[in-house]
Amino acid sequence: MDDYQRIFRLASILLQYPDKEWMDTEEFYEEIGMIENKLVKILYKEFMNYLVDVPYFELCKTYTQTFDFSDKTTLYLTYPVFGENIDRGKGLLKLKDEFSGAGFPLESDELPDYFPLILEFCSLAPIEAVHKMLLIHRKAIDQLLKELTLAENPYQFILQGCIQEIETILSNQKAS
């Protein structure tokens, strides 16, 4: 597994609704320990420190308030741009085609702009498809990080780690 795959896979999990099993964080720490990118490793450990320190109920409350009740920090990346506009529907269809075109047709009812789903895709898809998907969503991911940082939200550490890896991948693409 390449470093970017591990980073995106972990982010995909940690940006989903919290699971009580996460409180047993040993497996997460092992995975984070295998990350080669030192800055991402530090950022993810910072989030894990938060995860260990906060009661489960509080973790769930923070997640819900952050991602379910704010248009600015929703994990549906096209929503802040289009809202419920018909153009969003057209964009979602195009995204669905991107998943299928890369050999990963969506089998769930989840919308294709759901950030954890995109991160999971980026942890599995061929690097060319990953580049394209990251370019499509880069601006929305940057905006999400900006909002989380302004709110001093602990999920910003996961987003910062993703941005670090996205910059590495996209700069490697330019160099080749």
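Me: A polar contact is a pair of N or O atoms within 3.5 Å; within protein, one must be able to donate a hydrogen and the other to accept it, and residues adjacent in sequence count only if both atoms are side-chain atoms. Which residue caps the N-terminal end of helix 3?

Reply: Asparagine 37 does: one of its side-chain oxygens sits 3.1 Å from the backbone nitrogen of leucine 39. Helices here are DSSP runs of H or I with at least four residues, strands are runs of E with at least two, and both are numbered from the N terminus. Keep in mind that this is a predicted model, where local features need pLDDT of at least 70 and side-chain atom pairs count only at pLDDT 80 or more, while totals for chains, interfaces and linings use all residues. Residues are numbered from 1 along each chain as its sequence is written, and side-chain values use heavy atoms, with hydrogens and water left out.

Me: Got it. How many residues does helix 3 have, and how far does it reach?

Reply: Helix 3 covers residues 38–53, which is 16 residues, and reaches 23 Å from its first C-alpha to its last. That is close to the 22 Å expected, where the expected span is 1.5 Å times one less than the number of residues.

Me: Which of its residues are buried?

Reply: Val40, Leu43, Tyr44, Phe47, Met48, Tyr50 and Leu51 are buried in helix 3. Buried means under 20% relative accessible area, exposed means over 50%, and partly exposed is in between (1.4 Å probe, protein chains only).

Me: Why are they on the same side?

Reply: They cover an arc of only 155° around the axis, which puts them on the same side of helix 3. The arc is that of the directions from the helix axis to the C-beta atoms. An α-helix has 3.6 residues a turn, so residues three or four places apart point the same way.

Me: What's on the face turned away, and what does the buried side pack against?

Reply: The face turned away carries the exposed residues Lys38, Ile42 and Asp53. The buried residues pack against helix 1 (3–14), helix 2 (26–33), helix 4 (56–68) and helix 9 (156–175). Contact means heavy atoms within 4.5 Å.

Me: Let's move to helix 4. Which residues are buried there?

Reply: Leu59, Cys60, Thr62, Tyr63, Thr64, Thr66 and Phe67. Helix 3 and helix 8 are among what covers them.

Me: New topic: what volume does the largest pocket have?

Reply: About 380 Å³. On a 1 Å grid over the protein atoms alone, a cavity is a set of points where a 1.4 Å probe fits but cannot get out, and a pocket is an open set with protein on both sides within 12 Å along at least five of seven lines; lining residues have an atom within 4 Å of a point. Grid points are joined across faces, edges and corners, and a volume is the space filled by probe spheres set on the points.

Me: Which residues lie nearest its centre, and which helix gives the most?

Reply: The lining has 18 residues, and Leu77, Thr78, Val81, Ile136 and Ala140 lie nearest the centre. Helix 8 gives the most, with seven residues.

Me: What does arginine 88 make a polar contact with?

Reply: Its side chain pairs with the side chain of aspartate 113, at 3.0 Å. Arginine 88 lies in helix 6 and is buried, with a relative accessible area of 8%.

Me: And where is serine 12?

Reply: Serine 12 is in helix 1, buried at 4% relative accessibility. A polar atom of its side chain lies 2.8 Å from the backbone oxygen of proline 116. Serine 12 and leucine 117 are 105 residues apart in sequence, yet 6.7 Å apart in space, C-alpha to C-alpha.

Me: Last one: what is phi of glutamate 152?

Reply: It is near 50°, a positive value in a residue other than glycine. Most residues other than glycine have a negative phi. Glutamate 152 is in the loop between helix 8 and helix 9 and counts as exposed, at 67% relative accessibility.
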